[in-house]
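Please read it alongside the structure shown below.

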Amino acid sequence: MAGRKEKIQPFRECGIAIAMMVGIIIGCVCTVLLPNDFFKSGSLKIASASCESSERVKMFKAEFAIISEKNAELSKQVREQTEKVRLAEQKAEIKAGPFGTVTGLQTNPTVVPDESVNPTLAKLLEKVAVNKEIIVVLANNNVKPMLEVQIASVKRVGIQNYLVVPLEDSIESFCKSNEVAYYKRDQDNAIDVVGKSRSSSAVSGLKFRVVREFLQLGYGVLLADVDLVFLQNPFGHLYRDSDVESMSDGHDNNTAYGFNDVFDDPSMTRSRTVYTTRIWVFNSGFFYLRPTLPSIELLDRVTDTLSKSGGWDQAVFNEHLFYPSHPGYTGLHASKRVMDIYEFMNSRVLFKTVRKNEELKKLKPVIVHMNYHSDKLERMLAAVEFYVNGKQDALDRFSDGS
């Protein structure tokens, strides 16, 4: 314990010193702006009267702005030092407890917010985000009809922290006219060219590049595709105990949460059977990222792979999440959680299972994602009819598959 205190002590002393400096600066500001409250002499009363002139007021405002800026910088340093103390305490030696009481650390610490990476986005998120969390949706003109249905569902549920990243000017105009919060990015040809394309997979891959700054600013991000309907506020259904929390492409408990799959090779005679562990992929069209280093590293890895080798973003997303370290490759050390498949429902679950089961039909999911089907808009509208307007046969006319 003595060693631990010695490591942490410099951080605490630094934080105390910075706090004292902040107090001194605030005192100076009060002295400058309110001299009559600190000094009662006749000469200072005369000086106070002259302060009412416009030139003196301008000077004091300029000085106050400079001091405020310094104060903000010192406050930032205090936050950074506090985080360093917390991390140092986490690294302290830990002894294993009795059998059955040991639990490994699953929740990585969040990054220290760095507003300098994008001051404009930082100010926007301060207004739109709720509890430092935000839903982010990328959209171009090709998906505008689905975006309209999604936005209507967002307003109906009362979700406040919803943000669209327009990939074309028409979507920006649409957001303005519908009073929907949006983030206008700086021009970037590499993103803009893909954003205006008709390739849905290429556009989907952009989110891994665009959302990085959100995490750097310290915000938890729920990334969503446009082909889904919100039926409840998803933030009331997250666990937030992992770096990545994602909906699944699985259609039952085994495929979504994992199962043993036996591989059979008769040529191996007595040892012909091999047990394998399988899980159906996480869906890269709806997942939550905590602002941690593993989450940011995941975004970087996926972006790098897509830019160099191409491929389907969902496949690359899962490869980096699940492939373990092996010779020539260091795996990503990110904690993962699968969302409840009946709360965060994919369209295979809805159309192959739920609509045919009277008990499951009574459940109200948080979202329905039309990821398995090509007639997305029609099925989104049908889901609204069924779950919102109570039309019991709204889903009946659709086939199981596309």
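What percentage of the 402 residues of the chain count as buried? The points below begin with that matter and then turn to particular helices and residues.

1. Overall composition. The model under discussion is a predicted one. Of the chain's 402 residues, 40% count as buried. The accessible surface of the chain amounts to about 22,400 Å², and carbon and sulfur atoms account for 54% of that surface.

2. Secondary structure and contact range. The chain contains 14 helices and eleven strands. When contacts between residues at least 6 apart in sequence are considered, 71% of them join residues at least 24 apart.

3. Helix H12. This helix spans residues 313–322 and is mostly covered, with seven of its ten residues buried. The buried residues are Asp313, Gln314, Val316, Phe317, Asn318, His320 and Leu321.

4. Phenylalanine 317. This residue lies in helix H12. Is phenylalanine 317 buried or exposed? Phenylalanine 317 counts as buried because its relative accessibility is 0%, and the cut-off for that class is under 20%. Apart from neighbours within four places in sequence, phenylalanine 317 is in contact with Phe208, Val244, Phe282, Ser284, Phe287, Leu298 and Val302. For serine 284, which is 33 residues away along the chain, the C-alpha atom is separated from that of phenylalanine 317 by 6.9 Å.

5. Packing of H11 against H12. Helix H11 covers residues 293–309, and the axes of H11 and H12 come within 9 Å, crossing at roughly 130°. H11 is therefore oblique to H12. The crossing of these two helices, H11 and H12, is right-handed. On the H11 side the meeting residues are Leu298, Arg301, Val302, Thr305 and Leu306; on the H12 side they are Asp313, Val316, Phe317, His320 and Leu321. Sorted by class, the contact of H11 with H12 has six nonpolar, two polar and two charged residues.

6. Leucine 299. Leucine 299 belongs to helix H11. Leucine 299 is buried, because its relative accessible area is 0%. Leaving out residues up to four places away in sequence, leucine 299 touches Phe208, Val211, Arg212, Leu215 and Leu289. Valine 210 and leucine 299 are 89 residues apart in sequence, and their C-alpha atoms are 9.4 Å apart in space.

7. Packing of H5 against H14. Where do the axes of helix H5 and helix H14 stand in relation to each other? The axes of H5 (residues 144–157) and H14 (residues 376–387) come within 9 Å and cross at roughly 20°. H5 is therefore roughly parallel to H14, since angles under 35 degrees fall in that class. The crossing of H5 and H14 is left-handed. H5 contributes Pro145, Met146, Val149, Gln150 and Arg156 to the contact, while H14 contributes Lys376, Leu377, Met380, Leu381 and Val384. By class, the contact of H5 with H14 comprises seven nonpolar residues, one polar residue and two charged residues.

8. Asparagine 131. What is the value of phi for asparagine 131? Phi is near 55° for asparagine 131, a positive value in a residue other than glycine. Most residues other than glycine have a negative phi. Asparagine 131 sits in the loop between helix H4 (119–128) and strand S1 (133–139). With a relative accessibility of 67%, asparagine 131 counts as exposed, because the cut-off for that class is over 50%.

9. Glutamate 179. A positive phi, near 55°, is also found at glutamate 179, a residue other than glycine. Glutamate 179 is placed in the loop between helix H6 (169–177) and helix H7 (189–195). Because its relative accessibility is 76%, glutamate 179 counts as exposed.

Terms used. Residues are numbered from 1 along each chain as its sequence is written. This is a predicted model: local features need pLDDT of at least 70, side-chain atom pairs count only at pLDDT 80 or more; totals for chains, interfaces and linings use all residues. Side-chain values use heavy atoms; hydrogens and water are left out. Axes are lines fitted to C-alpha atoms, for helices over the stretch in contact, and angles run from 0 to 180 degrees between N-to-C directions. Helices (H or I, at least four residues) and strands (E, at least two) are DSSP runs, numbered from the N terminus. Angles under 35 degrees count as roughly parallel, over 145 as roughly antiparallel, 65 to 115 as roughly perpendicular and the rest as oblique. A crossing is left-handed if the near helix is turned anticlockwise from the far one by less than a right angle, and right-handed if clockwise. Contact means heavy atoms within 4.5 Å. Ala, Val, Leu, Ile, Met, Phe, Trp, Tyr, Cys and Pro count as nonpolar, Asp, Glu, Lys and Arg as charged, and the others, Gly among them, as polar. Buried means under 20% relative accessible area, exposed over 50%, partly exposed in between (1.4 Å probe, protein chains only). Accessible areas come from the Shrake-Rupley method with a 1.4 Å probe; for residues, only the protein chains shown count as cover.
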